[in-house]
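User: I would like a close look at one helix pair in this model. Please keep it brisk.

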Amino acid sequence: MKTSTLVRNGISTGLVGLISRLVNMIPWPERRIAMGDVTLMLLDGKQRVAEDVFGWGRSVVEVGINEFQTGISCVNDISTRLKPKAEEKNPELLAEIRSIMEPHSEAESHLRTTLLYTNMTAKSVYNALVEKGWSAESLPTVRTISNILIRQDYRLRTVAKAKVQKNSRN
């Protein structure tokens, strides 16, 4: 902990705990602005000291300082950062995978779930897509095809071997 800045500004550890608790009560994005304000007023604008003393991220404190000084709040649209799934980028691929999987899939015998059990692996689906004319460059990897199958509720089922029944004539 950087005590020199705290001692120089006359900040006790009790005050550090109080400030930390109060800032944690503020909802985002106003919390960033409060972090920036506290850092500017008490820690001379030093983000690294705020990281050591309060446990706040330096980049968050830096954005908070900029927001506090300019009065402009940054917009974080995290939902737009997601990478689209392979089946969203290529719906024809999903239709082709379903046409390959349907003849090899069956529902659970007790119908307790909506899962479809199959004996085809992702590698065999990949090979079937290549046989249907898809180029290897346009297809996702085998692991991605496995993820697509899982998202579409296809599960690989291992076939249980028949157990030998013992003759119990004792």
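How are α2 and α3 oriented to each other, roughly parallel or roughly antiparallel?

Analyst: The model is predicted. Start with the geometry. Helix α2 covers residues 13-25, and its axis comes within 9 Å of the α3 axis. The two axes cross at roughly 155 degrees. Angles over 145 degrees count as roughly antiparallel, so α2 and α3 are roughly antiparallel to each other. The crossing of α2 past α3 is right-handed.

Next, the residues that make the contact. From α2 come Ile19, Val23 and Asn24. From α3 come Arg31, Ala34, Met35, Val38 and Leu42. By class, this contact has six nonpolar residues, one polar and one charged.

Now take Ala34. It sits in helix α3, which spans residues 30-42. Leaving aside neighbours within four places in sequence, Ala34 is in contact with Val23 and Ile26. Ile19 is 15 residues from Ala34 in sequence. Their C-alpha atoms are 9.9 Å apart.

Finally, the nonpolar cores. The largest has 18 residues. Leu93, Ile97, Met101, Val125, Leu129, Ile145 and Leu149 touch the most other members. Helices α7 (91-101), α8 (122-131) and α9 (142-151) each supply at least two residues of this core.

Note on methods: Residues numbered from 1 in each chain as written. Predicted model: local features only at pLDDT ≥ 70, side-chain atom pairs only at ≥ 80, totals over all residues. Heavy atoms only, no water. Core = buried A, V, L, I, M, F, W, Y, C linked by side-chain atoms within 4.5 Å. Buried < 20%, exposed > 50% of the residue type's maximum accessible area, 1.4 Å probe, protein only. Helix = DSSP H or I, 4+ residues; strand = E, 2+ residues; numbered from the N terminus. Contact = heavy atoms within 4.5 Å. Axes fitted to C-alpha atoms, helices over the stretch in contact; angles between N-to-C directions. Parallel < 35°, antiparallel > 145°, perpendicular 65-115°, else oblique. Left-handed = near helix turned anticlockwise from the far one by under 90°. Nonpolar A, V, L, I, M, F, W, Y, C, P; charged D, E, K, R; others polar.
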